[in-house]
Amino acid sequence: MAGIAAAARDLARVIAGGADLGASAGRNAGGDRQIALDVLADDAFRAALTGTGVRFYASEELDDVALLGEGRLAVAIDPLDGSSNLDVNVSVGTIFGFYPAEADGPASFLRPGRDLLAAGYVIYGPQTALVASFGEGVLRFVLDPAAGAFRLAARDLRVPPCAAEFAINVSNRRRWPHPVRAFVDDCLAGADGPLGRDFNMRWIASLVAEVHRILTRGGVFLYPADARAGYEHGRLRRVYECAPVAWLIEQAGGQATDGADRILDQAAGALHERTPFVFGSADKVAAVAEYHAIPHPETSALFGQRGLFRN
């Protein structure tokens, strides 16, 4: 964790300095546009973790697992999540998860998320905060810029159990499977609908910022699969984003699923595999799963035999 904290401190300084690092640097291993700061962040975390007890390093920015040494740990990391939002000054972050290292690199990461030893994120916003769990609750540290150190600010963070907020990109509604449309429509129906209360909608389009908001205020975040090419199995990466976030959210008393089934019970089949992702207050995540359990012919017609949801 010392390596993560040191690299995050330095990265926070670069981001706050306002340097123009948004120039395109091609595409990363997952096919997303890569900017110069993505590459800089990846290089910084890889260097900071070399020689620290980390054996394998798997990054969203790399095609394959990197060997860092002879340690006992394997780190999965999204070095700069949400980097496309830098030009509008929205909070961005780093997501990470620690596994026990196996005999080879891929085997260390292609496993159920429940095997994680620790996970967390850094958010670079009005404050730079490091939020992490080591299997016994969730801690929040805040960067003291003058001292260049993270100070413990809160222990035992909990996702508020009841909250009337949901986050989803509604512009894709026409492409969603029916269970997601039905749930969101019922939220929008407010107190006059079947859920019996008014909801507020949020959508920051920066995963770390969404996680931080839900840890603070509760609610539910949905990034479902949809009918667009390349989105049939969701868009967020199981290894680098969803498993670490799911671990953290569950440690804080929330839930995290692919819409129907628990994320931490699922193993990735490939390093850059994608998955639908729903997380937040336990009651709202459970409600989304109930919508997926209701048979509906439109869901079957939309997704055919892809096995994305129970029909």
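Ala205 counts as partly exposed because its relative accessibility is 40%, where buried means under 20% relative accessible area, exposed over 50%, and partly exposed in between (1.4 Å probe, protein chains only). Ala205 is not a glycine, yet its phi is positive, at about 65°. The structure is a predicted model, in which local features need pLDDT of at least 70 and side-chain atom pairs count only at pLDDT 80 or more, while totals for chains, interfaces and linings use all residues. Residues are numbered from 1 along each chain as its sequence is written, and side-chain values use heavy atoms, with hydrogens and water left out.

**Backbone: positive phi**

- Most residues other than glycine have a negative phi, and most peptide bonds are trans.
- Ala205 sits in the loop between β12 (200-202) and α5 (207-217); helices (H or I, at least four residues) and strands (E, at least two) are DSSP runs, numbered from the N terminus.
- Asn89, also not a glycine, has a positive phi of about 60°.
- The loop between β5 (73-81) and β6 (92-100) contains Asn89, and this residue counts as exposed because its relative accessibility is 72%.
- Gly218, which follows α5, has a positive phi near 80°.

**Helix packing: α1 with α2**

- Two packed helices are described by the angle between their axes and the distance between the axes.
- Helix α1 (residues 2-16) packs against helix α2 (residues 36-49) at an angle of about 150°, with the axes 8 Å apart; axes are lines fitted to C-alpha atoms, for helices over the stretch in contact, and angles run from 0 to 180 degrees between N-to-C directions.
- The two helices α1 and α2 are therefore roughly antiparallel; angles under 35 degrees count as roughly parallel, over 145 as roughly antiparallel, 65 to 115 as roughly perpendicular and the rest as oblique.
- The crossing of α1 past α2 is right-handed; a crossing is left-handed if the near helix is turned anticlockwise from the far one by less than a right angle, and right-handed if clockwise.
- On the α1 side the contact involves Gly3, Ile4, Ala7, Ala8, Leu11, Val14 and Ile15, which meet Leu37, Leu40, Ala41, Ala44, Phe45, Ala48 and Leu49 of α2; contact means heavy atoms within 4.5 Å.
- By class, the residues of the contact of α1 with α2 are 13 nonpolar, one polar and no charged; Ala, Val, Leu, Ile, Met, Phe, Trp, Tyr, Cys and Pro count as nonpolar, Asp, Glu, Lys and Arg as charged, and the others, Gly among them, as polar.

**Helix packing: α4 with α7**

- Helix α4 (residues 178-188) and helix α7 (residues 282-293) cross at roughly 130°, and their axes come within 8 Å.
- This angle makes α4 oblique to α7, and the crossing of the pair is right-handed.
- Pro179, Val180, Ala182, Phe183 and Asp186 of α4 make the contact with Lys284, Ala287, Val288, Tyr291 and His292 of α7.
- The contact of α4 with α7 comprises seven nonpolar, one polar and two charged residues.

- Helix α5 is mostly covered, with eight of its eleven residues buried.
- The buried residues of α5 are Leu207, Val208, Ala209, Glu210, Val211, Arg213, Ile214 and Leu215.
- The axes of α5 and α6 cross at roughly 10° and come within 12 Å, which means that α5 is roughly parallel to α6.
- In this pair, Leu207, Val211, Ile214 and Leu215 of α5 meet Glu241, Val245, Leu248 and Ile249 of α6.
- The contact of α5 with α6 has seven nonpolar, no polar and one charged residues.

- Gln251 belongs to helix α6 (residues 238-251).
- Not counting residues up to four places away in sequence, Gln251 touches Ser133, Gly135, Glu136, Gly137, Val138 and Arg158.
- Ala256, in strand β15 (residues 255-257), is buried, with a relative accessible area of 1%.
- The C-alpha atoms of Ala256 and Gly280 lie 6.7 Å apart, although the two are 24 residues apart in sequence.
- Leaving aside neighbours within four places in sequence, the contacts of Ala256 include Ala246, Glu250, Phe277, Phe279 and Val285.

**Cysteines**

- The count of disulfides is zero, a disulfide being a pair of cysteine sulfur atoms within 2.5 Å.
- Cys187 is in no disulfide, and the nearest cysteine sulfur, that of Cys162, is 14 Å away.
- Cys187 is buried at a relative accessible area of 1%, and Cys242 counts as buried at 0% relative accessibility.
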